Amino acid sequence: MALDLEEQEQVAELRAWWNQWGSLVTATIVAACVAFAGWQAWRWYQRNQAAQAGALFETLAHAAQAGDGKTLRDAGGPLLENYPRTLYATMGALVSARFYFDRADLKNARAQLEWVLEHGRTDDLRDLARLRLANVLLDEKAYDEALRLLDEKHGAAYDAQYAAAKGDVLMAKNQAADAKAAYRLALDKAGPGNNAFRESVRMRLEALGG
C-alpha cells in the first residue's frame, strides 16, 4: 500500500533518528540486559554461598554439641576459608572457640576469636569475641593484653560484661581496689532482670570485702 506524503515524511524522520541514535539505543538495551543478568547471577551466587556455608555451620554446631572435635575441625576449616564473608563463618568461629576453650585448648580458642575480630560480620559479634578473648588471655595470664582489649570501644549492651571481666583481670593482678571499682561499675551497668549476672558479680565483690 502506498504511503501518503505525511506518512513518508514520518518514516523518513524515523529512519534519520534511528541512523543517529539507533546504535546508542541498542547498546543501552544490551547493557541493561547484561546488568540485569549479572544482578540475577550475583543473587544466585550469594544464595548458593549462604546455602553451602549454612550446611557447614550446621555440621559444625552438631559436632560441637556431640563433642566431636574432628568433625568440628573438618567443617570449620572450609567454612572460614571458603565463606569468610558470611555470618555463618563468624558464628562458626565463635562456636569453635567455645568448644576449644571448654577443653582448655587455649591456643585454638584464641585463634578462632582473633579470626572473628578480623573478619567478623557485625560489631556485636566482634564485641562478643573481644570479651571472650579477654577471658582466654586471663587464663593465659596475659593480664595487660586482656585489659587493653577490655578498654577498647564496644557497644553499650556489653558495658556490664566488660566491666566484670576487667574486674576479674584486676583481681588476678592483685589490684583489689581497682577490681572492686570495676565490679561496682558492672553492677551499675547491669540491666534489670539480669539477676544471675548481678549475683555472680556481687559474690565476687563480697569476696574482696565489698
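1. Thr-86 is in contact (heavy atoms within 4.5 Å) with Ala-53 and Arg-121, leaving aside its neighbours within four places in sequence. Thr-86 sits in the loop between helix 2 (69-82) and helix 3 (87-102); helices are DSSP runs of H or I with at least four residues, numbered from the N terminus. Its relative accessibility is 14%, so Thr-86 counts as buried (under 20% relative accessible area, 1.4 Å probe, protein chains only).

2. This is a predicted model, in which local features need pLDDT of at least 70 and side-chain atom pairs count only at pLDDT 80 or more, while totals for chains, interfaces and linings use all residues. Residues are numbered from 1 along each chain as its sequence is written, and side-chain values use heavy atoms, with hydrogens and water left out.

3. In helix 6 (residues 143-150), the buried residues are Ala-146, Leu-147, Leu-149 and Leu-150. They lie on the same side of helix 6, because they cover an arc of only 160° around the axis (taken from the directions from the helix axis to the C-beta atoms). Their cover includes helix 4 (106-119), helix 5 (123-139) and helix 7.

4. Helix 7 (residues 159-172) packs with helix 9 (residues 195-207) at an angle of about 25°, the axes being 11 Å apart. Axes are lines fitted to C-alpha atoms, for helices over the stretch in contact, and angles run from 0 to 180 degrees between N-to-C directions. Helix 7 is therefore roughly parallel to helix 9 (angles under 35 degrees).

5. On the helix 7 side, the contact with helix 9 is made by Ala-160, Gln-161, Ala-164 and Asp-168. Helix 9 contributes Phe-197, Val-201 and Arg-204.

Notes
Helices (H or I, at least four residues) and strands (E, at least two) are DSSP runs, numbered from the N terminus. Angles under 35 degrees count as roughly parallel, over 145 as roughly antiparallel, 65 to 115 as roughly perpendicular and the rest as oblique. Buried means under 20% relative accessible area, exposed over 50%, partly exposed in between (1.4 Å probe, protein chains only).
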